[in-house]
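Subject: Structure for your review

Hello,

Here is the structure I said I would pass on. My notes on it follow below.

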Amino acid sequence: MTFSCRTSWIFPLRFSFLPVHRWLGVQCSVKHACDCALNSLYVDKSVCVCPVDQYGPRCYLHEYACRKKPCSNGGQCIAGDERRMYSSLNNITCICRDGYFGDRCEFQESSNQIEISFDRKLIIPSLLIIHFITVEDETEVTRISVIKKVPVHLDFLLFHTKITFNVALVEMLNNYYSILVRKETIISAIITTKVVPHHRCLSTNELFNTTITNLHLIKCIK
């Protein structure tokens, strides 16, 4: 079997080395040796981007300030200057989860913890709009709306809020669902609720015929 060359192409390389075999140079004749530590990101021969728990010019040094997990309630520990480890200065920072605060995330905010799950018949969207409605008296009604992202790997949404409310509605995929209705204003509570199809709020077009929906007052309600 014989082969004959039909054509050839020249493609410009937009990176400093071949990504598979790690060769450098115009003719790809110089072998590249990355000396950054594992789990770090190599940028060029003078720059290594280290992960959170490693440091140094080549990321070979490990920090120990976060080894004992000083942050409470699931807070993320971020180490500071390693030279301050044995000093009286605070060399770590705790990034607290929603609903917690303090230097070590040891305090819980006075807020509502709300967990929203979804019925299997419903499509879980990537974003939810949650409407919190507060009824001060028979004439004054306020509404605060927040947008929450549903994690891709979860089939529920868990968050904290300081908003006080009587009614909570979820807006998803152009539909509204009632998830909570209480006469007393909710200030601080642990709430577990579920979005189900039969809690969908019907529009005026579904409740009334066209004769009624075309009335001026009904148009204002819509």
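Which cysteine does a disulfide join to Cys36? The partner is Cys48, with an S to S distance of 1.8 Å. A disulfide here is a pair of cysteine sulfur atoms within 2.5 Å.

Before the rest, two notes on the basis. This is a predicted model, in which local features need pLDDT of at least 70 and side-chain atom pairs count only at pLDDT 80 or more, while totals for chains, interfaces and linings use all residues. Residues are numbered from 1 along each chain as its sequence is written, and side-chain values use heavy atoms, with hydrogens and water left out.

Disulfides

The count by this rule is five disulfides. Counting bonded cysteines along the chain, the pattern is 1-2, 3-4, 5-7, 6-8, 9-10.

The link of Cys36 and Cys48 is left-handed, with -75° about the S-S bond. Cys36 sits in the loop between strand 2 (30–31) and strand 3 (41–44) and Cys48 in strand 4 (residues 47–49), so the pair ties together parts 12 residues apart in sequence. Strands (E, at least two residues) and helices (H or I, at least four) are DSSP runs, numbered from the N terminus. Cys36 and Cys48 are both buried; buried means under 20% relative accessible area, exposed over 50%, and partly exposed in between (1.4 Å probe, protein chains only).

Cys50 and Cys59 form another disulfide, with sulfur atoms 2.0 Å apart. This link is left-handed as well, at -85° about the S-S bond. Cys50 is partly exposed at 26% relative accessible area, whereas Cys59 is buried at 0%.

Cys71 is joined to Cys94 (S to S 2.0 Å). The torsion about their S-S bond is about -85°, so this disulfide is left-handed. The pair links distant parts of the chain, 23 residues apart: Cys71 lies in the loop between strand 6 (61–62) and strand 7 (76–79), and Cys94 in strand 8 (residues 92–95). Both cysteines are buried.

Three strands form an open sheet in the order 14-11-17, with mixed pairing; two strands pair if DSSP finds at least two bridges between them. Strand 14 (156–161) and strand 17 (190–195) are at the edges with a single partner strand each, so one side of each has no neighbour in the sheet. Strand 11 (residues 112–118) pairs with strand 14 in the antiparallel sense over six bridges. Ser117 stands opposite Phe156 in strand 14.

Phe208

Phe208 lies in the loop between helix 1 (204–207) and helix 2 (210–213). At 36% relative accessibility, Phe208 counts as partly exposed.

Regards
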